[in-house]
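Please look at the sequence and the structure first.

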Amino acid sequence: MLVSSKGRYALRVMVALAKNEDQCYTPLKEITQQEGISQKYLESIMTLLSKGNLVEACHGKNGGYRLNRPVEEYTIGSILRLTEGELVPVACAAECERADHCPSRPMWDKLTKLIDDFFDGITLADLMEEE
């Protein structure tokens, strides 16, 4: 499993928004400067996070983005699944015609569960403590 820049940047943005929790909304321009992410790429990530109901967007003057629930309620798994899709170690673990007859399928299923449990066991609050 390889997490793309979209997934990594989404995590960075979510932590940045969590740090600015006391502000009403954080402008996109402020996030791009803080995180060193191009505005165009960040816009696509923010659209995804907004449509996935992880952040709230407000347009116009004093607009921007903010988290829509407490940081403890965001798991890293939920953020990565939104940006990356399924968190599987091999493509066939998500969908396979031979799943019923594959001798290695149980191993891949166990690894997928370990990955899910790992990322679902970490919250944004945990990442903020790490800094």
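How many helices and strands does the secondary structure of the chain come to? The chain has six helices and two strands, where helices (H or I, at least four residues) and strands (E, at least two) are DSSP runs, numbered from the N terminus. From the N terminus on, their order is α-α-α-β-β-α-α-α.

This is a predicted model, in which local features need pLDDT of at least 70 and side-chain atom pairs count only at pLDDT 80 or more, while totals for chains, interfaces and linings use all residues. Residues are numbered from 1 along each chain as its sequence is written, and side-chain values use heavy atoms, with hydrogens and water left out.

**The chain as a whole**

The C-alpha trace spans about 60 × 30 × 25 Å along its principal axes. Of the 131 residues in the chain, 35% are buried. Buried means under 20% relative accessible area, exposed over 50%, and partly exposed in between (1.4 Å probe, protein chains only). The chain exposes about 7900 Å², and carbon and sulfur atoms supply 52% of this area; accessible areas come from the Shrake-Rupley method with a 1.4 Å probe, and for residues only the protein chains shown count as cover. Among contacts (heavy atoms within 4.5 Å) between residues at least 6 apart in sequence, 66% join residues at least 24 apart.

**Two packed helices**

Two packed helices are described by the angle between their axes and the distance between the axes. Helix α4 (residues 76–84) packs against helix α5 (residues 105–120) at an angle of about 120°, and the axes are 6 Å apart. Here axes are lines fitted to C-alpha atoms, for helices over the stretch in contact, and angles run from 0 to 180 degrees between N-to-C directions. On the α4 side the contact is made by Ile-76, Gly-77, Ser-78, Leu-80 and Arg-81, and on the α5 side by Asp-116, Phe-119 and Asp-120.

**Aromatic rings**

How many aromatic pairs does a search of the whole structure find? The search finds two. Rings of Phe, Tyr and Trp (its six-membered ring) pair if their centres lie within 6.5 Å; planes under 30 degrees apart count as stacked, over 60 as edge-to-face and the rest as tilted.

| Pair | Centre to centre | Between the planes | Type |
|---|---|---|---|
| Tyr-9 and Tyr-41 | 5.6 Å | 75° | edge-to-face |
| Phe-118 and Phe-119 | 5.2 Å | 70° | edge-to-face |

Tyr-9 in helix α1 (residues 5–19) and Tyr-41 in helix α3 (residues 39–51) are 32 residues apart, and their pair links distant parts of the chain. Tyr-41 is partly exposed, with a relative accessible area of 28%. In the other pair, Phe-118 counts as exposed at 51% relative accessibility, whereas Phe-119 counts as buried at 16%.

**Two buried residues**

Tyr-65 is in strand β2 (residues 64–67). Is Tyr-65 buried or exposed? Tyr-65 counts as buried because its relative accessibility is 12%. Leaving out residues up to four places away in sequence, Tyr-65 touches Leu-17, Tyr-25, Thr-26, Leu-28, Met-46, Val-55, Glu-56 and Ala-57. The C-alpha atoms of Tyr-65 and Thr-26 are separated by 5.2 Å, although these residues are 39 residues apart along the chain.

Thr-123 sits in the loop between α5 and α6 (124–130) and counts as buried, at 14% relative accessibility. Apart from its neighbours within four places in sequence, Thr-123 is in contact with Val-71, Glu-72, Tyr-74, Thr-75 and Ile-76.
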